[in-house]
Amino acid sequence: MSLPASLPDWAIEAEGLYKTYAATKTTPAKTALNGIDLKIPRGSIFGLLGPNGAGKSTYINTLSGLVRKSAGTVKIWGMDIDSHPRDARAAIGVVAQEIVADVFFTPRESLETQAGLFGVPPHERRTAELLAAVGLTEQAEAYVRQLSGGMKRRLMVAKAMTHNPPVLILDEPTAGVDVASPSSSPPTIWRRRRSSATPSPSSTAARWWPASRRRNCCAGWTPAPW
Ligand SMILES: Nc1ncnc2c1ncn2[C@@H]1O[C@H](COP(=O)(O)OP(=O)(O)OP(=O)(O)O)[C@@H](O)[C@H]1O
Ligand SMILES: [Mg+2]
């Protein structure tokens, strides 16, 4: 990933973002994003709240390139998703709302494959560390289909962090995951992981938990200086 010359002020910048899903034979066209302007500062935790169908997942999926925007501009970590798509994607980790599981892989294989897809060389991978962080060390060699729903979601969180992105986004972060231990919350895991590169992490967990208990919450956050 080629980094911007200096740290960006904004982790995410969206301007004039529109998305209209095309009509099908049975459904009319649907405008899900209607001119969104939203900037999220570097080093912040940001919660995006709204009722079902408000467009939260569409917004998130547009940032990560899963949904193609109809109009507008988006920058991730200062990089335009149209002119620098690979760099922008490398700067973001996304945990999707729906569980996506590699059912024939083990959690260890899943993380190794994901890291490989992002070009992380074997000696830089921290598969065991990530598995421990999300509480899946015991399940490391099990088939993913043998994991519970909450365990699968934890694995998705770990997968989103394999390339150590400076921006992490969770769509419905608490769905199916027990919130008993703040030490295993995604922000804490991520802070711990990124702190190997940055020795001055901010206190994210305390700010995370109140927001995490709300329904319909999507959270994106970025660490203290990268
Ligand atoms: N692939 C699609 N094709 C057509 N319409 C879609 C598609 N995906 C989403 N929509 C529509 O776009 C609107 C926004 O959906 P979206 O999934 O972004 O909402 P959301 O805020 O994430 O909702 P939820 O809280 O239920 O997750 C809804 O009206 C939905 O029906
Ligand atoms: Mg959604």
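Visitor: How many bridges join strand S1 to strand S2, and in which sense do they run?

Guide: Strands of a sheet pair through backbone hydrogen bonds, either parallel or antiparallel. In this predicted model, 9 bridges join S1 (residues 10–21) to S2 (residues 30–41), and the two run antiparallel. Strands are DSSP runs (E, at least two residues), as helices are (H or I, at least four), numbered from the N terminus. Two strands pair if DSSP finds at least two bridges between them. Tyr18 stands opposite Asn34 in S2. Residues are numbered from 1 along each chain as its sequence is written. Local features need pLDDT of at least 70, side-chain atom pairs count only at pLDDT 80 or more, and totals for chains, interfaces and linings use all residues.

Visitor: Which strands form the sheet, and in what order?

Guide: The order is S2-S1-S4-S5, an open sheet with antiparallel pairing. S2 and S5 (79–80) stand at the edges with a single partner strand each, so one side of each lacks a neighbour in the sheet. S1 pairs with S4 (residues 71–76) over 5 bridges. There, Glu15 stands opposite Thr73. S4 joins S5 by 2 bridges. Ile76 has Met79 in S5 as its bridge partner.

Visitor: Where is confidence lowest, and where highest?

Guide: Read pLDDT, the predictor's confidence in each residue, from 0 to 100. Where pLDDT is low, the predicted coordinates should not be read in detail. Here confidence is lowest in helix H7 (residues 205–212), at a mean of 31, and highest in S4, at 96.

Visitor: What is the mean pLDDT of the protein chain?

Guide: The mean is 79, and 75% of the residues reach 70 or more. Over residues 195–226, pLDDT stays under 50.

Key
Chains are lettered from A and ligands numbered from 1 in the order in which they are written. Two residues are in contact if their C-beta atoms, placed from the backbone, lie within 7 Å.
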